[in-house]
Amino acid sequence: MAAYSLRRVAQYARYHYTSQRRNYLSVMLTCVAFPVLFGILSRDISTVEGISTAIYLFGGIGFAVRTTFAMRSRGTKVMECTLPLSNEERITFMVLNLAVVFPLFMTVAANISLLIAAPFNYYEVDVWAMMLDITRRFLFSWELYVLIQMFAAASLFLNIVARRNLFVAYLGAFIGIMVFLGTVARIGANFLVDLDPSYFESFEVNESVAKAIFILIPVVFYALCYWALRRRQMKW
(Lines give C-alpha, C1' and ligand atoms only; values in the text may rest on other atoms or scores of the structure.)
Protein backbone atom coordinates (compact mmCIF):
# COMPACT_ATOMS: atom_id res chain seq x y z
CA MET A 1 0.00 0.00 0.00
CA ALA A 2 1.13 3.55 -0.75
CA ALA A 3 2.06 6.05 1.91
CA TYR A 4 -0.45 7.53 4.34
CA SER A 5 -3.20 9.35 2.46
CA LEU A 6 -5.84 11.74 3.77
CA ARG A 7 -7.72 11.13 0.53
CA ARG A 8 -8.24 7.49 1.50
CA VAL A 9 -9.39 8.64 4.95
CA ALA A 10 -11.98 10.90 3.30
CA GLN A 11 -13.10 8.11 0.96
CA TYR A 12 -13.46 5.71 3.86
CA ALA A 13 -15.43 8.33 5.82
CA ARG A 14 -17.85 8.66 2.91
CA TYR A 15 -18.21 4.89 2.70
CA HIS A 16 -18.65 4.55 6.48
CA TYR A 17 -21.36 7.19 6.83
CA THR A 18 -23.18 5.85 3.78
CA SER A 19 -23.14 2.23 4.91
CA GLN A 20 -23.92 3.08 8.56
CA ARG A 21 -26.46 5.85 7.94
CA ARG A 22 -29.28 3.89 9.60
CA ASN A 23 -27.23 3.39 12.75
CA TYR A 24 -26.36 7.08 12.95
CA LEU A 25 -29.96 8.04 12.19
CA SER A 26 -31.15 5.88 15.10
CA VAL A 27 -28.62 7.61 17.38
CA MET A 28 -29.83 11.01 16.20
CA LEU A 29 -33.48 10.09 16.82
CA THR A 30 -32.63 8.86 20.32
CA CYS A 31 -30.63 11.99 21.15
CA VAL A 32 -33.53 14.17 20.00
CA ALA A 33 -36.49 12.13 21.27
CA PHE A 34 -35.48 11.73 24.93
CA PRO A 35 -34.87 15.43 25.65
CA VAL A 36 -38.04 16.39 23.78
CA LEU A 37 -40.07 13.83 25.74
CA PHE A 38 -38.88 15.14 29.10
CA GLY A 39 -39.26 18.72 27.93
CA ILE A 40 -42.88 18.19 26.90
CA LEU A 41 -43.77 16.28 30.07
CA SER A 42 -42.23 18.91 32.34
CA ARG A 43 -43.23 21.83 30.12
CA ASP A 44 -39.83 23.30 30.96
CA ILE A 45 -37.32 23.76 28.15
CA SER A 46 -34.41 23.83 30.61
CA THR A 47 -35.09 20.12 31.13
CA VAL A 48 -34.21 19.58 27.47
CA GLU A 49 -30.88 21.28 28.00
CA GLY A 50 -30.09 19.12 31.05
CA ILE A 51 -31.05 15.83 29.41
CA SER A 52 -29.09 16.70 26.26
CA THR A 53 -26.02 17.41 28.37
CA ALA A 54 -26.39 14.06 30.16
CA ILE A 55 -26.71 12.26 26.83
CA TYR A 56 -23.67 14.13 25.53
CA LEU A 57 -21.67 13.08 28.56
CA PHE A 58 -22.21 9.36 28.00
CA GLY A 59 -23.11 9.40 24.30
CA GLY A 60 -19.50 8.79 23.33
CA ILE A 61 -19.99 5.17 24.37
CA GLY A 62 -22.73 4.66 21.77
CA PHE A 63 -20.86 6.66 19.16
CA ALA A 64 -17.77 4.51 19.68
CA VAL A 65 -19.93 1.42 19.10
CA ARG A 66 -21.16 2.92 15.82
CA THR A 67 -17.60 3.81 14.83
CA THR A 68 -16.46 0.18 15.11
CA PHE A 69 -19.77 -1.50 14.23
CA ALA A 70 -18.74 -2.51 10.70
CA MET A 71 -15.50 -4.16 11.82
CA ARG A 72 -17.31 -6.17 14.53
CA SER A 73 -20.52 -7.19 12.74
CA ARG A 74 -20.56 -10.62 11.11
CA GLY A 75 -22.15 -9.26 7.96
CA THR A 76 -19.62 -6.49 7.34
CA LYS A 77 -16.31 -7.35 9.01
CA VAL A 78 -15.09 -9.35 6.00
CA MET A 79 -15.69 -6.34 3.77
CA GLU A 80 -13.89 -4.12 6.27
CA CYS A 81 -10.83 -6.35 6.08
CA THR A 82 -10.64 -5.98 2.30
CA LEU A 83 -10.83 -2.19 2.18
CA PRO A 84 -7.63 -0.46 0.98
CA LEU A 85 -7.02 1.28 4.29
CA SER A 86 -4.04 1.18 6.63
CA ASN A 87 -4.19 1.07 10.43
CA GLU A 88 -2.95 4.67 10.55
CA GLU A 89 -5.69 5.86 8.19
CA ARG A 90 -8.38 3.92 10.04
CA ILE A 91 -7.40 5.31 13.46
CA THR A 92 -7.34 8.81 11.95
CA PHE A 93 -10.96 8.40 10.91
CA MET A 94 -11.93 6.97 14.30
CA VAL A 95 -10.35 9.84 16.20
CA LEU A 96 -11.92 12.45 13.91
CA ASN A 97 -15.30 10.75 14.21
CA LEU A 98 -15.21 10.90 18.01
CA ALA A 99 -13.26 14.12 18.54
CA VAL A 100 -14.86 16.28 15.83
CA VAL A 101 -18.01 14.73 14.36
CA PHE A 102 -19.46 13.54 17.67
CA PRO A 103 -19.50 16.99 19.39
CA LEU A 104 -21.01 18.57 16.25
CA PHE A 105 -23.53 15.74 16.01
CA MET A 106 -24.64 16.20 19.62
CA THR A 107 -24.82 19.98 19.27
CA VAL A 108 -27.15 19.67 16.29
CA ALA A 109 -29.30 17.09 18.12
CA ALA A 110 -29.56 19.29 21.25
CA ASN A 111 -30.56 22.36 19.23
CA ILE A 112 -33.20 20.40 17.32
CA SER A 113 -34.60 19.19 20.65
CA LEU A 114 -34.79 22.74 21.95
CA LEU A 115 -36.66 23.93 18.86
CA ILE A 116 -39.16 21.06 19.00
CA ALA A 117 -39.85 21.42 22.73
CA ALA A 118 -39.99 25.23 22.75
CA PRO A 119 -43.72 25.53 21.81
CA PHE A 120 -44.64 23.35 24.81
CA ASN A 121 -42.74 25.48 27.32
CA TYR A 122 -44.93 26.77 30.16
CA TYR A 123 -43.40 30.25 30.22
CA GLU A 124 -41.82 32.51 27.62
CA VAL A 125 -38.13 31.89 27.10
CA ASP A 126 -35.38 33.07 24.78
CA VAL A 127 -34.81 29.90 22.74
CA TRP A 128 -32.09 31.50 20.66
CA ALA A 129 -30.08 32.38 23.79
CA MET A 130 -30.43 28.80 25.07
CA MET A 131 -29.27 27.42 21.72
CA LEU A 132 -26.22 29.66 21.81
CA ASP A 133 -25.51 28.62 25.40
CA ILE A 134 -25.69 24.90 24.71
CA THR A 135 -23.61 25.30 21.52
CA ARG A 136 -20.96 27.22 23.43
CA ARG A 137 -20.90 24.61 26.20
CA PHE A 138 -20.82 21.59 23.88
CA LEU A 139 -18.17 22.94 21.52
CA PHE A 140 -16.07 25.42 23.47
CA SER A 141 -16.00 24.23 27.09
CA TRP A 142 -12.65 22.45 27.12
CA GLU A 143 -13.22 20.82 30.52
CA LEU A 144 -16.45 19.17 29.35
CA TYR A 145 -14.89 18.33 25.99
CA VAL A 146 -11.86 16.58 27.49
CA LEU A 147 -14.03 14.69 30.00
CA ILE A 148 -16.27 13.41 27.21
CA GLN A 149 -13.25 12.47 25.12
CA MET A 150 -12.04 10.33 28.03
CA PHE A 151 -15.25 8.30 27.90
CA ALA A 152 -15.21 8.16 24.09
CA ALA A 153 -11.56 7.12 23.79
CA ALA A 154 -11.87 4.49 26.53
CA SER A 155 -15.02 3.12 24.86
CA LEU A 156 -13.28 2.98 21.49
CA PHE A 157 -10.44 1.02 23.06
CA LEU A 158 -12.89 -1.48 24.57
CA ASN A 159 -14.68 -1.88 21.23
CA ILE A 160 -11.40 -2.67 19.50
CA VAL A 161 -10.02 -5.15 22.04
CA ALA A 162 -13.32 -6.89 22.92
CA ARG A 163 -13.66 -10.16 21.06
CA ARG A 164 -17.30 -11.19 21.14
CA ASN A 165 -19.51 -9.79 23.86
CA LEU A 166 -19.25 -6.04 24.33
CA PHE A 167 -21.48 -6.17 27.40
CA VAL A 168 -19.00 -8.42 29.19
CA ALA A 169 -16.15 -6.07 28.22
CA TYR A 170 -17.97 -3.00 29.54
CA LEU A 171 -19.07 -4.83 32.68
CA GLY A 172 -15.52 -5.96 33.35
CA ALA A 173 -14.22 -2.42 32.79
CA PHE A 174 -16.85 -0.99 35.14
CA ILE A 175 -16.02 -3.50 37.89
CA GLY A 176 -12.32 -2.85 37.41
CA ILE A 177 -12.80 0.91 37.71
CA MET A 178 -14.90 0.51 40.86
CA VAL A 179 -12.30 -1.76 42.44
CA PHE A 180 -9.51 0.65 41.50
CA LEU A 181 -11.34 3.69 42.87
CA GLY A 182 -12.25 1.82 46.06
CA THR A 183 -8.64 0.75 46.57
CA VAL A 184 -7.29 4.25 45.92
CA ALA A 185 -9.87 5.77 48.27
CA ARG A 186 -8.97 3.33 51.03
CA ILE A 187 -5.24 3.88 50.61
CA GLY A 188 -5.79 7.63 50.50
CA ALA A 189 -7.91 7.57 53.65
CA ASN A 190 -5.27 5.58 55.54
CA PHE A 191 -2.58 7.95 54.27
CA LEU A 192 -4.48 11.06 55.39
CA VAL A 193 -5.01 9.69 58.91
CA ASP A 194 -1.27 9.68 59.59
CA LEU A 195 -0.48 12.82 57.60
CA ASP A 196 0.39 16.08 59.29
CA PRO A 197 -2.25 18.69 58.28
CA SER A 198 0.45 21.34 57.99
CA TYR A 199 1.74 19.49 54.92
CA PHE A 200 -1.10 20.85 52.81
CA GLU A 201 -0.24 24.43 53.71
CA SER A 202 2.97 24.22 51.68
CA PHE A 203 1.61 21.90 49.00
CA GLU A 204 0.78 23.60 45.71
CA VAL A 205 -0.48 22.06 42.49
CA ASN A 206 0.72 23.63 39.26
CA GLU A 207 -2.42 24.39 37.25
CA SER A 208 -0.66 23.93 33.91
CA VAL A 209 0.64 20.51 34.94
CA ALA A 210 -2.82 19.44 36.14
CA LYS A 211 -4.41 20.55 32.84
CA ALA A 212 -1.72 18.76 30.84
CA ILE A 213 -2.34 15.49 32.72
CA PHE A 214 -6.10 15.93 32.26
CA ILE A 215 -5.69 16.41 28.50
CA LEU A 216 -3.19 13.57 28.14
CA ILE A 217 -5.64 10.94 29.41
CA PRO A 218 -7.77 10.75 26.20
CA VAL A 219 -4.59 11.10 24.12
CA VAL A 220 -3.13 8.03 25.83
CA PHE A 221 -6.35 6.10 25.26
CA TYR A 222 -6.35 6.97 21.55
CA ALA A 223 -2.72 5.82 21.36
CA LEU A 224 -3.77 2.54 22.97
CA CYS A 225 -6.52 2.26 20.35
CA TYR A 226 -3.90 2.47 17.60
CA TRP A 227 -1.78 -0.14 19.38
CA ALA A 228 -4.83 -2.41 19.70
CA LEU A 229 -5.64 -2.05 15.99
CA ARG A 230 -2.14 -3.19 15.08
CA ARG A 231 -2.32 -6.09 17.54
CA ARG A 232 -5.49 -7.36 15.86
CA GLN A 233 -3.34 -8.18 12.82
CA MET A 234 -5.98 -6.79 10.49
CA LYS A 235 -4.59 -6.01 7.04
CA TRP A 236 -6.31 -3.63 4.67
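This is a predicted model: local features need pLDDT of at least 70, side-chain atom pairs count only at pLDDT 80 or more; totals for chains, interfaces and linings use all residues.

Q: Start with H3 and H7. At what angle do they pack, and how far apart are the axes?
A: The angle is about 30 degrees, and the axes are 8 Å apart. H3 covers residues 45–72 and H7 covers residues 142–161.

Q: Parallel or antiparallel?
A: Roughly parallel, because angles under 35 degrees count that way.

Q: And which hand is the crossing of H3 and H7?
A: Right-handed.

Q: Which residues meet there?
A: From H3, they include Tyr 56, Phe 58, Ile 61, Val 65 and Arg 72. From H7, they include Leu 144, Phe 151, Ser 155 and Asn 159.

Q: How do the residues of that contact divide by class?
A: Into 14 nonpolar, 5 polar and 1 charged.

Q: Where is the kink in H3?
A: It is centred on Phe 58, and the bend is about 50 degrees. Phe 58 is also among the H3 residues that meet H7.

Q: What span should H3 have, and what are its ends doing?
A: At 1.5 Å a residue, its 28 residues should span 40 Å. The end C-alpha atoms are 38 Å apart, which agrees.

Q: Switching to H5. Where does that one kink?
A: At Val 101, by about 40 degrees. The kink comes shortly before the proline Pro 103.

Q: What about the span of H5?
A: H5 runs over residues 87–117, 31 residues in all.

Q: How does H2 sit against H5?
A: H2, residues 21–42, packs on H5 at about 40 degrees, with the axes 9 Å apart. The two are therefore oblique to each other. The crossing is right-handed.

Q: Which side chains are we talking about, by residue?
A: On H2, the residues in contact include Tyr 24, Met 28, Cys 31 and Pro 35. On H5, they include Asn 97, Phe 105, Ala 109 and Ile 116. By class, the contact has 13 nonpolar, 2 polar and no charged residues.

Q: Last pair: H2 and H3. At what angle do they cross?
A: At roughly 165 degrees, and the axes come within 10 Å. That makes H2 roughly antiparallel to H3. This crossing is right-handed.

Q: Which residues make that contact?
A: Among them are Asn 23, Phe 34 and Ser 42 of H2, and Thr 47, Ile 55, Arg 66 and Phe 69 of H3. The contact has 11 nonpolar, 7 polar and 1 charged residues.

Note on methods
Residues are numbered from 1 along each chain as its sequence is written. Side-chain values use heavy atoms; hydrogens and water are left out. Axes are lines fitted to C-alpha atoms, for helices over the stretch in contact, and angles run from 0 to 180 degrees between N-to-C directions. Helices (H or I, at least four residues) and strands (E, at least two) are DSSP runs, numbered from the N terminus. Angles under 35 degrees count as roughly parallel, over 145 as roughly antiparallel, 65 to 115 as roughly perpendicular and the rest as oblique. A crossing is left-handed if the near helix is turned anticlockwise from the far one by less than a right angle, and right-handed if clockwise. Contact means heavy atoms within 4.5 Å. Ala, Val, Leu, Ile, Met, Phe, Trp, Tyr, Cys and Pro count as nonpolar, Asp, Glu, Lys and Arg as charged, and the others, Gly among them, as polar. The expected span of a helix is 1.5 Å times one less than its number of residues. The bend at a residue is the angle between axes fitted to the seven residues ending there and the seven starting there.
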